[in-house]
Structures are given as C-alpha cells and as structure tokens.
Amino acid sequence: MQRHLILEDGSTFVGEGFGAPATTFGEIVFQTAMTGYQESITNPIYDGQMIVFAMPVVGADGIHAEAYESVKPTIRGMVVHDLAEISTNRQRRMSLDRFLKQNNIPGLCQVDTRQLIRHLRESGPQKATIVDYVDDHARDQLAATVLTKQQVQNTATPKAYANPGRGYHIVVIDFGLKHGILRMLGDYDSNVSVLPYTTSVEEVLTLDPDGIILSSGPGDPNSLPESVFTLIRVLQTKAPMLGIGLGHELFAMANGATLNPLVAEYHGMNHPIQEIISQEIFYAMQGRGYVVDDQTVDRKKMFVTHRDLVDQSIQGLRHRDYPAFSVQFFPDGAPGPIEPNVIFADFFETVADYVEQYN
C-alpha cells in the first residue's frame, strides 16, 4: 500500500510500504554504501534512526546468519528506491520484507532516494515519520515527538559476558558493540570479556586485561556520564587501549578535546583515509555524526594519526605517554572494506609488547 515519509522541515516523500505496517518516528540519515544493507540495519550505531540507502536496489541478498552486527535491529525504519523480491544468494534464509515484519520495522520503497539524500545533505539529520496518510495530525505528532538520547543505554550490555579464547585477554567496554569487532578479536583467538560502560576501574583491573577496547556505539557522546571519561583516563595508563567510532570520540574527550556535530552525518564505506606517518591511503567504513575539533586537541598529550581526505577531519589519535590510540572509522571490515583491518594488527602488536615488558 502507499505510505508517506514526512520530515521535520515539512518535506514529504511518497512510496510503497513494505516490512511492518507500523507508524514510526526517528532521526533520518542516509547510507552511501553500495553493499552490506543487513550489516547496516543491524548495526547498533543506528539505534533510533531511519536509514535512507543510496544503493538503487536493496534486498537481493536476503537475510543470512553471517551478516548480523547485533542480535536484534533497533532502527526505526528504512527507505529504499527499489526492493528486490527475488534473491540468487545461496545463503539466503529470509527475505528483507519478512525480516522487517518480524522485528516490527516499517520500510518504504519506490522513493526518489537521490532527491531525498540531496535534501538531507543540505538540511542534515532531522526527525521523520513513516505514516499511511499525510495530515495535520501526523505533522503535529512528528513535531511533538521527543527523540531519546539514551541510545547507548538501549544497546549496550547491562551485564558482563565472556567470549572465550586462548590468546591475549582483551576487555571490551561496550557502548553499543557490533559483532564485527568480536569477529576480529576471534581471528586473533583473544580471550574476550565484554563489560558494560557503567563498570568501575576496579572491576576492569581485577580481570588483569592485556588490552582494552572502547567499542563503537550510537548517539551523542556528550550524553554519557562523567564516570565514563574518568574510566578511560585511568585505564589508558594501565594497559594498551583502542577506541573505535564512539570509543574514539570518548577517548578524545577524556583527554581534553571537544566535538563538533556534522551538518550531514557520514555513513558509508567509501571514505578515503590517510595514515599520516606512512602517507598510505585506504578506504574505510564510517558512521559518525560528530568530528573531533582539531583546535582542541592537546598536542603535548596526543597527536593525529589519520585524516579523512574528503574534509581533512581527524580520523585517528594516539596518546604520547601511554599505549592508547583510537580511530573514528570502523576497522573490522563488516561490511567492508578490509584494508583498515591493520588497525587490529597494530593493537595486538602493542599488546604483545606490553605483555612482554611486564610479564
């Protein structure tokens, strides 16, 4: 049936509904990746958001077990140009339409996504709703809706759990952890302990970690309590640390930097990143709404390791005094590219040096 997308600024787009027939509200962003739609819709960084996909056809791969980035998707909706009804993927277990129905997530297809994305590039993220009819009631409901800022609380684990291995003991602080990070740690046979972001310094140090990872996650880093920054400031002095995505932003803030919101959020796998020391250029997956303010980075404390070649924004930081560093992009290659996987190799090399030094 015909359904409508209404934006906070009053713009409307018409399309055909698929997935759940529910009315939904959320922040709308666009994703420029040409593959990996399942990884995107199950990625916790999109908690509470609707995703507009730039790829012209979505759904041809269906849904399969290898591409989950969380157990349950928490997006509020998805908007596509064309929905594929038939899949030739041998791994297909379920159609995208059925998957969205099972998770009560509405979709909208046959939308002019090029026009919509151009509009969002200029206006930036804003509230939106998917409804059956456009009327004053629907507009009033959208205007009155207050979107939650509790995305990390919605997606991060409330209890500690283990992902056992026989290698180095890595503690992951969960701010909305995606499975791709666990897969990469599994490739190194790491003995992983995942802890909630509310954990204390004592609880982490009791586990005697060989390394610590600050996971990616959704939402505004400014909404997290001061205890998180205190935790990072202490732990970075105790063991090698890697911050990813939101973890990178929190690492920067814990060391005195501030963040600026982007006019249009960056979501895609086609962002060229340059490593400063080697001048090497690679493409990486990004999902961010903030950027570290270059002018607020204390150069006596940290230095920049990576930059985005599109806007010259900071993409990586390293502490001068401690074995701690971070990257804004996603180095786990889920859905890709895989070139940034070298970040994990750098992390485990640092961990190996640390273990050799203190054991």
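Residue L231 is located in helix α8, where helices (H or I, at least four residues) and strands (E, at least two) are DSSP runs numbered from the N terminus. With a relative accessibility of 3%, L231 counts as buried, the term buried denoting under 20% relative accessible area, exposed over 50%, and partly exposed the range in between (1.4 Å probe, protein chains only). Apart from its neighbours within four places in sequence, L231 is in contact with I173, Y197, T199, S200, V201 and V204, contact being defined as heavy atoms within 4.5 Å. The C-alpha atoms of L231 and F329, which are 98 residues apart along the chain, are separated by 22 Å. The model is predicted, so that local features need pLDDT of at least 70 and side-chain atom pairs count only at pLDDT 80 or more, whereas totals for chains, interfaces and linings use all residues. Residues are numbered from 1 along each chain as its sequence is written, and side-chain values use heavy atoms, with hydrogens and water left out.

Strands β13 (residues 211-214) and β14 (residues 241-244) run parallel and are joined by three bridges, with strands taken to pair if DSSP finds at least two bridges between them. Within this pairing, I213 has L242 as its bridge partner, and L214 has G243. On its pairing with β19, β14 again runs in the parallel sense, over four bridges, and here G243 stands opposite S326. In a regular strand the side chains alternate between the two faces of the sheet. In β14, M241 and G243 point one way and L242 and I244 the other way, and all are buried.

These strands belong to an open sheet of 10 strands with mixed pairing, in the order β10-β12-β11-β13-β14-β19-β18-β17-β15-β16. Its edge strands, each pairing on one side only, are β10 (161-163) and β16 (281-292), and the twist averages 25° from one strand to the next. Helix α6 (residues 179-187) lies across β10, β11, β12, β13 and β14 and runs at about 155° to β12, axes being lines fitted to C-alpha atoms, for helices over the stretch in contact, and angles running from 0 to 180 degrees between N-to-C directions.

Six aromatic pairs are found in a search of the whole structure, rings of Phe, Tyr and Trp (its six-membered ring) being paired if their centres lie within 6.5 Å, with planes under 30 degrees apart counted as stacked, over 60 as edge-to-face and the rest as tilted. The rings of Y188 and F348 are stacked, because their centres are 4.2 Å apart and their planes lie at 10°. Since Y188 lies in the loop between α6 and β12 and F348 in helix α10 (residues 342-358), the pair ties together parts that are 160 residues apart in sequence. Y188 is partly exposed at 34% relative accessibility, whereas F348 is buried at 6%. The pair formed by F282 and F329 is edge-to-face, because the ring centres are 5.5 Å apart and the planes at 70°, and both residues are buried.
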